[in-house]
Amino acid sequence: MKINLSFYLSTLILTLLLQTIEVKAENTPDKRFIAISGYISDASNGEMLIGSTIYVEPLGTGSVSNVYGFYSLRLDPGSYNLSYSYIGYDSYSIQIKIAKDTTIHVALQPSKFELKEVIVKGERFNDLINKAQMSVNKLDIKSIRQIPALMGEIDVLKAIQLLPGVQATSEGGSGFSVRGGSPDQNLVLLDEALVYNPSHLLGFFSVFNNDAVKNLELYKGDIPPAFGGRLSSVVDVRMNDGNVQKFSGQGGVGTISSRLMLEGPIQNNRSSFMIAGRRTYADIFLALSKDEQIRNNTLFFYDFNGKANYTINDKNRVFLSGYFGQDVFKNDNFGIGWGNQTATLRWNHLFSNELFSNFSFIYSRFNYQIGVPEGQANAFDWTASMEDLNAKGDFTWYASSNTIQFGFTGIRHLFMPGTAEGKGSETPFNRVEMQKNRAFEGGIYVSNEQKIGAVLTLKYGLRFSSFSNFGENTVYAFNENYQKIDSTNYSKGDFYNTYSAIEPRLSLAYSLSETSSIKAAYTRNTQYVHLAQNSTGGTPLDIWFPSSPNVKPQRGDQFSLGYFKNFTRTRLETSLEGFYKLNHNAIDFKNHAELLLNELLEGELRSGKAWSYGLEALIRLNEGRLNGWLSYTWSRTFREIPDINNGIQYPASYDRPHDISLVLTYELTNELSFGANWVYATGSPVTFPTGRFVIGNTIAPVYSDRNAYRLPDYHRLDLSVTYSRKKNPERKWHGEWNLSVYNAYYRKNPWVINFVPDPNVPNATFAEMTYLFGIVPAITYNFKF
Amino acid sequence: MKNIQKYILLITVIVFSASSCSERYDIKLDESFIRLVVDGIVTTDTTHQLVRITTSTSYFSNLEPPAVLGATLYLDNGTEKILLKEDPKNAGYYYTPTEIYGIPGSSYELDINLKEKIGNSDRYVAYTQMPTTYFTMDSIVLEYQQAFDFYLIKLYAFDPPTTDFYKFDALINGIILTDTASRSLIVDDRFFNGNNTNGLGVMFLRSTEVNTGDTITLLMSAISSDYYDFFVELRTEAGQGNPLFSGPPANIRSNILEGGLGYFAANITKKASIIVPNNPKDN
């Protein structure tokens with residue numbers, strides 16, 4: 001039934017696409033329409049603005065700039081009033097009479113508040129209402145910076161946990177679950193490069209340095225066909241391009257880290273660069289510890305972002321960007337390090353002012369190493385890594401009432417799950433090497449966004465994805481008890497297993513009025529690589545593994561329905577979305593699975609069914625002195641996996657029915673602003689003992705059903721105040737102080753509840769609750785020049 | 001692996017030492033039904049082979065596990081069925097005569113007949129097989145580690161090229177030190193398969209536990225793969241979990257049929273001893 005639905009939809013979408021292209025082809029020669037296109041940028045530094053809107057009067061239609069700041073409109077010859085706007089910037093309107101294709105580049109000025117109510121100038125295109133795209137949240141870095149942060153470390157991944165349908169997977173961590181999905185079902189991209197482990201310091205901080213980040217988009221459902229490979233979400237993070245007008249910088253000195261970002265033109269308005277670095281100095285404080293064991297440790301992380309771009313001419317632009325980050329922990333007896341590296345080379349090319357294209361070559365890698373140094377007992381070295389090479393091309397064809405997107409991608413995956421060996425000539429240890437896994441993941445897609453009449457917008461697309469394992473490799477065969485029974489060797493370059501899938505993506509928006517609409521979407525996604533991780537926290541020892549003859553790809557179907565309404569000229573955006581999500585071949589691990597350095601990992605896997613459903617309400621206030629949002633999510637998520645919980649359905653670890661986030665920032669004056677956020681979520685489901693027995697002198701638990709209990713409800717208030725010195729036009733330097741308090745009313749939110757023997761009373765056990773954070777104050781000085 | 005987790009946890013401790021905190025927590029737990037618990041091992045040692053039978057309790061019972069008295073237990077080694085004697089001094093313990101000892105490769109059946117039903121049954125049976133691992137244990141060396149103020153027991157032994165699993169226990173002057181699961185070491189041999197262990201560090205002794213002149217004995221037992229898994233699970237579930245590493249809690253396996261808990265194991269045990277030369281704390 002499900003397969004049929006997907007098949008019919010695919011056929012329907014294909015028919016629509018072919019018709020559109022046919023009609024376009026016929027219409028092209030007489031060329032009734034005129035193209036207006038160009039780039040929209042920030043007037044203060046030349047940064048391209050992603051998602052700024054263009055409103056066309058008197059038609060009441062409009063468009064939105066793409067991730068490179070490019071926009072294109074199709075209009076009949078005539079006179080129009082074009083309004084360009086972007087949140088936090090003054091709108092710009094232009095009266096034009098057009099008779100031929102015109103290029104209009106627009107630079108918007110960041111708005112400066114005066115001490116009076118903000119006046120919203122002009123009408124503006126409501127992309128939230130008009131576009132068929134749903135289940136998407138955008139956050140610009142400016143608003144993220146105003147949210148109070150743990151230890152003052154502004155973190156984009158923690159900001160998205162405050163959005164409806166998104167939950168933190170553990171206290172203080174940057175791991176997150178979207179609409180009940182596992183953290184490994186999120187595609188986290190930094191300038192299109194996949195970031196496999198987007199966290200530092202065991203997940204407490206993310207790899208994204210906010211000085212280097214321009215924009216973030218989160219797709220929770222209705223994932224555009226240009227993206228694939230993950231079931232739950234896409235987090236699309238874009239770096240700053242670099243100021244093309246003048247040399248400038250920004251940075252900060254914080255409680256646990258310092259940052260510096262420098263940017264400037266290489267050739268004025270032609271090419272620019274941006275470099276940013278950050279390093280924590282938690283280990284400086286270690287030296288103050290009385291405990292020698294703690295004092296002798298080194299612990300820090302650092303990262304670098306770099307980007308350069310060059311505008312060759314109006315039609316060609318190239319970008320090179322990269323990220324390099326590393327975590328280091330070591331003492332005399334032990335060392336561990338992990339890090340991500342990415343590089344992206346991109347070429348924007350305008351075939352015409354109707355056809356925009358981008359070609360990217362991307363490298364991304366994650367690795368870790370653990371070891372006991374030579375000279376110590378049991379000295380060893382253990383390394384693991386994974387590496388992707390990706391080539392892709394994306395095209396957008398702006399036609400009158402259609403926007404057609406198509407493209408291709410190809411990724412070569414290389415997984416090195418682990419090599420461990422002893423150190424020194426006397427070592428008793430053998431070299432233990434897990435075999436490498438190689439795979440090719442490919443995708444092609446086409447989609448069209450089409451306006452039908454005045455009220456209906458339809459977006460439909462198809463993505464065809466494929467995944468092939470290739471040698472050299474040994475594939476094990478398992479019997480029904482997951483015992484290895486056989487193995488087959490494949491030689492180098494031998495493509496021995498291929499999966500493919502057709503993924504229909506369909507959404508529509510029906511405008512009820514100029515400020516309200518109803519939207520519906522259906523999305524199918526396929527995920528071919530999976531994370532070997534069965535804890536909720538996420539450790540640096542995360543290693544991914546590919547689909548294979550023993551591991552079927554995960555498949556997800558999602559249905560969404562929503563109502564969107566804007567009030568008082570988009571100052572207030574509201575939405576209500578419902579979703580139902582079904583995940584086939586959901587991956588789980590048997591009880592007490594061994595996931596590390598296990599050649600027979602595939603025998604530890606169990607696959608079954610996971611599903612979730614929920615309602616998300618969001619009220620968002622934009623532009624003005626008071627900004628922020630209130631979100632409430634009610635959702636449930638369950639799993640049913642053979643061999644786990646006796647095959648009976650159980651709530652997944654991310655099942656937290658009620659979830660509320662309130663995020664507010666208020667600019668009292670131009671110098672002083674306040675931020676507050678309050679979060680509430682039902683406690684996570686947990687498994688507790690219901691009995692005990694004794695072996696030797698060890699007290700062992702007998703457990704309840706899986707996740708039969710819940711931790712106490714989670715709630716927390718964070719506050720911040722920012723004081724920025726009055727801008728002195730004489731001076732370039734501009735500084736501000738930020739004081740933040742995490743967990744302001746000292747809620748003891750349990751991180752874990754353990755059951756431990758009482759050291760003082762024989763045979764006694766008690767429950768012990770550990771919480772990570774009391775009140776955590778932090779002070780940060782930020783500067784710009 | 002356990003050590004790696006310990007070190008990574010140390011990172012958390014370091015980072016959040018200022019704010020993280022543990023405290024007792026009141027919680028109400030449901031009761032599960034009472035089950036029979038078996039803790040029995042046959043070894044190659046020429047001593048009593050002991051079996052302890054108790055019952056499970058509610059989690060916060062906070063009492064000695066209730067002993068099961070008056071049961072009739074047989075150990076069947078394939079050639080004879082030996083009746084175990086109930087220990088009059090230690091309730092719940094049953095033992096064989098001293099001339100009974102295990103032989104590598106042999107299969108054993110433990111047959112438990114209860115006076116009255118526990119759970120759904122008054123008869124419980126367990127089968128086990130002793131591994132056939134021809135390892136040799138040469139000697140041990142004690143190394144004092146100043147930085148951490150503990151002794152490391154270093155092992156000189158030969159591991160045959162077969163796939164083997166070992167459990168290490170320590171005795172001080174004949175008294176077992178590693179009586180809780182967290183203190184025993186269990187390993188599989190894949191990192192040193194077929195090698196001389198060349199002073200592999202297998203156990204830590206706190207300097208306060210050891211006096212100059214004490215006899216330290218290391219027991220090295222070859223165990224079955226299933227008992228190894230049982231012991232890993234026992235250690236994991238009896239220890240403390242944390243969201244970074246712990247997989248979902250799950251019940252510990254058992255080879256006691258009819259829904260019993262615990263394990264009936266058969267191990268090849270060898271030992272080596274050393275006398276503590278000079279404990280710095282005694283100076």
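Predicted model: local features only at pLDDT ≥ 70, side-chain atom pairs only at ≥ 80, totals over all residues.
Q: Is A:Trp397 buried, partly exposed or exposed?
A: A residue is buried if 20 or more other C-beta atoms, placed from the backbone, lie within 10 Å of its own, exposed if 12 or fewer do, and partly exposed in between. Around A:Trp397 there are 19 other C-beta atoms within 10 Å, and therefore this residue is partly exposed.

Q: Which residues does A:Ser612 touch, not counting those up to four places away in sequence?
A: A:Ser612 is placed in strand β38 (residues 605–621) of chain A, and because it has 25 C-beta neighbours inside 10 Å it counts as buried. Two residues are in contact if their C-beta atoms, placed from the backbone, lie within 7 Å. By that rule, and leaving out the residues up to four places away, A:Ser612 touches A:Arg179, A:Gly180, A:Lys581, A:Ser635, A:Arg636 and A:Thr637.

Q: Which element gives the most residues to the side of domain 1 of chain A that touches domain 2 of chain A?
A: Domain bounds come from an automatic or database domain assignment, which divides chain A into domain 1 (33–125) and domain 2 (136–784), and the C-alpha centres of these domains lie 33 Å apart. The contact takes 24 residues from domain 1 and 32 residues from domain 2 of chain A. On the domain 1 side, β1 (34–42) and β4 (70–75) of chain A each supply at least two residues. The element that gives the most, with three residues, is β4(A).

Q: How many residues of the side of chain A that touches chain B are charged?
A: In all, 69 residues of chain A are in contact with 70 residues of chain B, and the elements that give two or more residues to the chain A side are α5 (282–286), β44, β45, β49 (750–757) and β50 (765–771). Ala, Val, Leu, Ile, Met, Phe, Trp, Tyr, Cys and Pro count as nonpolar, Asp, Glu, Lys and Arg as charged, and the others, Gly among them, as polar. The chain A side then divides into 41 nonpolar and 23 polar residues, while the number of charged residues is five.

Q: Which residue is the bridge partner of A:Glu768 in β1(B)?
A: Strand β50(A) and strand β1 (residues 21–24) of chain B run antiparallel and are joined by four bridges. In β1(B), the partner of A:Glu768 is B:Arg24.

Q: How far apart are the end C-alpha atoms of helix α2 of chain B?
A: The buried residues of α2(B) include B:Tyr227, B:Phe230 and B:Leu234, and what covers the buried residues includes β44 (689–695) and β45 (698–703) of chain A. The expected span of a helix is 1.5 Å times one less than its number of residues. The 14 residues of α2(B) (residues 225–238) should therefore span 20 Å, which agrees with the model, where the end C-alpha atoms are separated by 20 Å.

Q: Over which residues of chain A is the pLDDT below 50?
A: Chain A averages a pLDDT of 89, with 94% of the residues scoring at least 70, and its confidence is lowest in helix α6 (residues 292–295), at a mean of 68, and highest in strand β40 (residues 650–651), at 96. One stretch, which has 11 contacts in the model beyond near neighbours in sequence, has a pLDDT below 50, namely residues 114–122.

Technical notes: Residues numbered from 1 in each chain as written. Chains lettered and ligands numbered in written order. Pairing = 2+ DSSP bridges. pLDDT = per-residue confidence, 0-100.
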